[in-house]
Amino acid sequence: MNRALAVALATSLLVAVPATGAAAEADYTMTIDPSGRGAAIDDTMYGVFYEDINRAADGGLYAELVQNRSFEYDPADNAAYTGLTSWAPTGGDPQVVDDDGRMNERNRRYLKLGLPSGVINSGYNSGINVEQSARYDFSVWARTDQASGTKLTVALTDPAGKDLAQSLSLTVRGDEWAEYTGSFRARASSTTGRLLVNGAGAGTLRLDVVSLIPQDTFKGHGLRKDLAQKIADLRPGFVRFPGGCLVNTGSHYGYDQASNFERRRSYQWKDTIGPVETRATNWNFWGYNQSYGLGYHEYFQFSEDIGATPLPVVPALVTGCGQNRATDDPQLLQRHVQDALDLIEYANGPADSTWGRKRAEAGHPKPFNLKYLAVGNEENLPNEYFARFVEFKRVIEAKHPEITIVGNSGPDSSGATFDRLWELNRAEGTALVDEHYYRAPEWFLENNNRYDSYDRNGPKVFLGEYASRDNKWFNALSEAAYMTGLERNADVVKMASYAPLLSNEDHVQWKPDMIWFNNHASWGSPSYEVQKLFMTNTGDHVVPSTASGTPSALEPITGAIGLSTWATAACYDDVEVTAPDGATLFSDDFSAGDANWTRTSGGSWAVRDGRFAQSDAVTENTLVTAGDRSWRDYDVTVKATKQSGKEGFLLAFGVKDTGNYYWWNVGGWNNTQSAVEKHVNGAKSTVITDSTSVETGREYELKAQIRGRKVTLYLDGAKWGEFSDDKVVEPFRQVVTRDAKTGELIVKVVNAQASAARTRLDFGPKAKISGTVRATVLKGYADDVNTEFSQPIRPTEEKVKVSNSFTHTFPPHSVTFLRIKDRSRQ
């Protein structure tokens, strides 16, 4: 959203700001009952969701500086990969080998050097980050066929070959794998460092697990200090890990001979513990490799280090995230159920138990105090997923009633999958249900009361993933407004975590993200600042409060029409738009070509055989538009036929421009469901959905009837669904909580509009409020973003004079927290 659009949107929501005058003329009023007590807020109300996306692990939170240290990169991970990705020869002909000379069965590849020879590693981003005077630990596993040994020189240099530290000289002895170590003290700083490893003499040298890690890591546990500290500064109540889509995508079989060492597997925790040189490698759903140097033990340790409850997620043998496959193998299911039991023993079992002993061997004899275990992630096959979920749940609860098993409601905030999974979870008595959704900022401003109507006696909500679809200040404002509703409903919403957590700026698969970084710096997004403010000022219970709203008038759905495809070839014919009285507004049978249509994006559109055909089965969103943007109250019909590709076809209506419209997505999500999606300033949210799919080669008739803000949709003459888009975008939101330790009221006000909100706050006659209090404020322009070099969205502190009834002006586009003492309770 650009600044002009954001200001225009916000201005359209405003009431006029009155001139300075009596308190009665305030724009808004807030009434707070300090003696009242609302929902209790758990210590786990807010946490973080960690997934290895955007290079969040290798090249991110995991402090290892060598990329592809075990030479395991493979085209199965990414089509551009080879075993020497990130490595370059400095002499000779280095070869990545997979044979019986390997270190062990799970670390299958190694580097073979015919001497003299060497390689150099370029690290991540611009290179290996080296800081002057810092110390770095080097290690390598090696073997040589030379009885007298092989001299190994290791150097830390810049790209021109200038030393950044005194080089190491090691001697490899013997033809059995052994570890060799040393350390560097940096003479100079560089963000483009290289690690050079050279072998001298004759014969053959074999290398594996070439590692360089800073000595100064977070609490000495191998994590990059600045990133870990930013997460710790949030004071999260829990850490959900390791995903996300990488948990339950790919094969659910093991990394073993039986699967031919399958490289595209779901995340299976046993692959990720033990000495790093014995851990398996794996493809990452997000398009790169996982070394598993950052594994389950490290996740548990990190959770403990930051005082958070661990919340691991295990696969349920039904793939999600568009793969939508159920594995029907009872023996494999039982193995995964047993793996979950073993995980609980690893986390909580005594040090002399089978898996507790492995935890102790890793340096942690005391239990990790695991309380929660989630099974599955965003499965879009509700019946298949839930049948397997119940197998996990009932076995685990029988043996470990102290563990809360977490189910989920699929990949969206509504629709057939969501409704079915909530129905199943309620019937099963699931304690906690994980909801996920990513939406336009307007959706969050419209849906603050989402959880007001949830059943107080049913399963509780874990909002495990949510975010507004960009990283600008207006997105963070909308999230802040929504969080006031989460807190108000803390008796239903027991846990919530923004997602994703981390993003390497050079490896972005998903945006928005909370914390951004490169190889030498990190910075919080505006959403990070909002999350930190809420997470460090949560309070212990809600205090009853009400506020006036912002007057608004909803306009009818207005706009032109459009056609599109998504990774699909399709053709259209007989497009007609009519008024309610039957008058024709637009008609096109393409007999005269396609001059009526405007191309707005990619694709290959042409009239073929009398139909308007889009023949590119790869490009996503090939939108073309036609008609008058002032149209309202009309019917649009079209005939559509899928020719090839992954999905179906899309009929757009209410088209204002390329970022603002509705479309009916028929056969979307790999042809597993259909939905109406609303696009606002380029971000989209789902309005209604069902399980309709489409057949290739079959002609369908689509009709959308628009009346005011109500839309009715027909597929082949039968009513498919209807909705009324009549929710109000409310930019002024608030919640009040109490900090039991300090006795303070925490008044939290979000003003997500371009005008100041002059507000009277009334605490009632029995309160004893006076003096000056601290206000923490986040404010900026709607389209502000934080970067490495500029962070316009940062907290500031102000002093505010307060009393039992006082007026305060909340700045435009701001979040304000006031901590207020009520001395009547002393």
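Me: How are α4 and α5 oriented to each other?

Reply: Let's start with the general idea: two packed helices are described by the angle between their axes and the distance between the axes. In this predicted model, the axes of α4 (residues 296–305) and α5 (residues 330–348) cross at roughly 45 degrees and come within 11 Å. The two helices are therefore oblique to each other. The crossing of α4 and α5 is right-handed.

Me: Which residues in α4 and α5 meet?

Reply: From α4 you have Y296, H297 and F300, and they meet L343, Y346 and A347 in α5. Sorted by kind, the residues of this contact are five nonpolar, one polar and no charged.

Me: On to sheets. What order do the seven strands of the open sheet have?

Reply: In general, strands of a sheet pair through backbone hydrogen bonds, either parallel or antiparallel. Here the pairing is antiparallel, and the order reads β31-β34-β28-β36-β37-β38-β39. At the edges stand β31 (598–599) and β39 (683–690), each with a single partner strand, so one side of each has no neighbour in the sheet.

Me: How many bridges join β28 to β34?

Reply: Three bridges link β28 (residues 560–564) with β34 (residues 624–626), and the two strands run antiparallel. To find your way in, look for L563, which stands opposite V624 in β34.

Me: And the domains: where do their bounds fall?

Reply: The domain assignment gives domain 1 as 47–55 + 220–537, domain 2 as 87–216, domain 3 as 560–724 and domain 4 as 732–821. Taken over C-alpha atoms, the centres of domain 1 and domain 4 are 32 Å apart. Their contact takes 26 residues from domain 1 and 30 residues from domain 4.

How values were computed. Residues numbered from 1 in each chain as written. Predicted model: local features only at pLDDT ≥ 70, side-chain atom pairs only at ≥ 80, totals over all residues. Heavy atoms only, no water. Axes fitted to C-alpha atoms, helices over the stretch in contact; angles between N-to-C directions. Helix = DSSP H or I, 4+ residues; strand = E, 2+ residues; numbered from the N terminus. Parallel < 35°, antiparallel > 145°, perpendicular 65-115°, else oblique. Left-handed = near helix turned anticlockwise from the far one by under 90°. Contact = heavy atoms within 4.5 Å. Nonpolar A, V, L, I, M, F, W, Y, C, P; charged D, E, K, R; others polar. Pairing = 2+ DSSP bridges. Domains from an automatic or database assignment.
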